[in-house]
Amino acid sequence: MPPVIDVNGWAVLVGSVAAMVLGFVWYMPAVFGKIWMEGTSRTVTGIEQAKKTMNMNLIFGLQFVGWLLGAYVLAHFAGYAGATTAVAGAQAGFWAWLGFVMPVNLGATLWDRHSWGSFAVTTGYNLVSLLIIGAIIGAWR
């Protein structure tokens, strides 16, 4: 039976907030948003129209819950790995990204026929988010 892992709830919360803030910046048109839009056949006009019909509070809320869940699981990975520093936590985030997130992003890119640019933007965001969350979790253990 695996050991019981003590999860620092504050680290999970702060890491999740950091991932959301990063996402707001990462996907801005002036940063990587234009590359992502072009690669997924989206336009600024189309996104603005979609926002009018979508419940953005619900979408952002569910995305935040997703990051909370991911950070909580990453805290377990980091605990099993004995990650007690920011660097070791970031390494746990890297391995979680490489083994679980990147292959899913790759599959979505291939099957949805998105560009390699949009793949790089999406998987890059996920990588940096997991590195940050992992570093926070490791530093706060």
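## Lining of the largest pocket

The residues that line the largest pocket of this predicted model divide into 19 nonpolar, eleven polar and four charged, where Ala, Val, Leu, Ile, Met, Phe, Trp, Tyr, Cys and Pro count as nonpolar, Asp, Glu, Lys and Arg as charged, and the others, Gly among them, as polar. A pocket is here an open set of points on a 1 Å grid over the protein atoms alone, where a 1.4 Å probe fits, with protein on both sides within 12 Å along at least five of seven lines, and lining residues have an atom within 4 Å of a point.

The space in this pocket comes to about 1200 Å³, a volume being the space filled by probe spheres set on the points, with grid points joined across faces, edges and corners. Of its 34 lining residues, Gly23, Tyr27, Trp36, Ile59 and Phe60 are the closest to the centre. Each of helix 1 (9–26), helix 2 (29–39), helix 3 (44–53), helix 4 (56–81), helix 5 (86–112) and helix 6 (116–139) supplies at least two residues of the lining, and the largest share, six residues, comes from helix 3.

## The second largest pocket

The second largest pocket has a volume of about 220 Å³ and is lined by 13 residues, of which Gly66, Trp67, Gly70, Val101 and Leu130 lie nearest its centre. Helix 4, helix 5 and helix 6 each give at least two residues to this lining, with the largest share, eight residues, coming from helix 4. By residue class, the lining holds nine nonpolar, four polar and no charged residues.

## Aromatic pairs

The structure holds ten aromatic pairs, counted where the rings of Phe, Tyr and Trp (its six-membered ring) have centres within 6.5 Å; planes under 30 degrees apart count as stacked, over 60 as edge-to-face and the rest as tilted. The ring centres of Tyr27 and Tyr125 lie 5.5 Å apart with their planes at 75°, so this pair is edge-to-face. The pair links distant parts of the chain, since Tyr27 is in the loop between helix 1 and helix 2 and Tyr125 is in helix 6, 98 residues apart. Tyr27 is partly exposed, with a relative accessible area of 25%, whereas Tyr125 is buried at 8%; buried means under 20% relative accessible area, exposed over 50%, and partly exposed in between (1.4 Å probe, protein chains only).

Phe94 and Trp97 form a tilted pair, 5.9 Å centre to centre with 40° between the planes, and both lie in helix 5, three residues apart, about one turn of the helix. Phe94 counts as partly exposed at 28% relative accessibility, while Trp97 counts as buried at 10%. Trp26, Tyr27, Phe32, Trp36, Trp67 and Tyr125 form one aromatic cluster.

## Surroundings of Asn126

Asn126 is found in helix 6 and is buried, with a relative accessible area of 13%. Not counting residues up to four places away in sequence, Asn126 touches Trp67, Trp97, Val101 and Asn105, contact meaning heavy atoms within 4.5 Å.

## Overall fold and basis of the values

The protein has six helices and zero strands, these being DSSP runs (H or I, at least four residues, for helices; E, at least two, for strands) numbered from the N terminus. Buried residues make up 33% of the 141 residues, and among contacts between residues at least 6 apart in sequence, 78% join residues at least 24 apart.

Residues are numbered from 1 along each chain as its sequence is written, and side-chain values use heavy atoms, with hydrogens and water left out. In this predicted model, local features need pLDDT of at least 70 and side-chain atom pairs count only at pLDDT 80 or more, whereas totals for chains, interfaces and linings use all residues.
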